[in-house]
Amino acid sequence: MTQTTAESAARKQRAQIRVRTLRTDRWWLAPAFTFAGLLLFLIYGFWAIFDKSYFVDPYIAPFSSPCLATSCPEGARLFGLAPFGDWYTLPPGILILGLPGGFRLTCYYYRKAYYRSFWLSPPACAVAEPHGKYTGETRLPLILQNIHRYFFYLAIVIGLILTYDAVLALVHKPAGLGSWILLVNAALILCYTFGCHSCRHITAGRLTHFSRHPLRYKAWTLVSKLNARHQQFAWASLFSVMIADLYVRLVAMGVINFPFA
Ligand code: FES
């Protein structure tokens with residue numbers, strides 16, 4: 001081997017660093033906060049799904065909406081319908097859990113968040129991961145993350161139903177504080193949903209001439225603005241849905257009972 005070949009082979013190798021990282025900042029702070037935030041959401045969601053105080057006229061808790069079984073109280077059913085009939089006796093939230101859950105689980109931003117905070121793969125930039133091998137999302141089960149775009153369509157339906165719930169509560173006289181909480185939550189969820197990378201691609205991903213598609217260009221511009229804040233909307237809507245859900249349940253339980261609650 002000539003000296004030049006040996007040098008170029010050495011250059012191709014990864015730098016041999018014995019410590020896990022050379023970073024001296026508090027790089028672990030972001031994954032630690034992310035871990036705590038997502039864990040809180042999982043624990044709350046698990047409790048909420050099985051809690052029975054999900055409806056108090058005119059509010060329905062977002063974790064249990066849409067309510068599609070006969071076991072749902074009359075006013076809680078979406079358009080008064082119960083397509084799942086009598087045979088379904090489990091909590092109504094379980095029926096629809098997979099739609100928003102699948103959407104968030106496969107979201108590009110959340111993937112980064114939980115790969116870093118839960119799997120430490122890697123925990124932060126320039127910090128070595130504990131796993132010896134990296135296969136990315138090229139094989140099962142992670143290749144299934146590609147179904148995200150289909151969850152996007154279903155998530156639009158859920159976002160619109162939550163908006164409908166909020167508007168229904170708002171037109172109820174007198175409109176209580178809960179109506180506004182539900183409305184803010186629905187708005188944040190729609191901002192998160194329409195800021196999805198798949199939505200951006202759908203609006204104008206394959207266009208080569210924006211000038212020939214002014215409407216799609218306008219839509220793409222708007223979606224791009226939401227997309228630039230996707231991480232912020234991901235967190236804001238995660239907390240807003242927990243707050244709105246808890247608020248409705250506390251009103252239903254009688255814990256919150258001030259006038260115009
Ligand atoms: Fe986050 Fe689609 S990329 S919701």
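Modeller: The account below goes through the backbone loop by loop. This is a predicted model, in which local features need pLDDT of at least 70, side-chain atom pairs count only at pLDDT 80 or more, and totals for chains, interfaces and linings use all residues. Residues are numbered from 1 along each chain as its sequence is written, and side-chain values use heavy atoms, with hydrogens and water left out. As background, most peptide bonds are trans, and most residues other than glycine have a negative phi.

Consider the loop between strand E2 (59-60) and helix H3 (92-96), which holds Pro66; helices (H or I, at least four residues) and strands (E, at least two) are DSSP runs, numbered from the N terminus. Ser65 and Pro66 are joined by a cis peptide bond, with omega at about 5°. The loop between E2 and H3 also contains Phe79. Phe79 is not a glycine, yet its phi is positive, at about 55°.

Turn now to the loop between helix H5 (108-117) and helix H6 (148-171), where Pro141 is found. The peptide bond from Leu140 to Pro141 is cis, and its omega is near 0°. Ala126 lies in the loop between H5 and H6. Ala126, a residue other than glycine, has a positive phi near 65°, and its relative accessibility of 61% makes it exposed.

Definitions and conventions
Buried means under 20% relative accessible area, exposed over 50%, partly exposed in between (1.4 Å probe, protein chains only).
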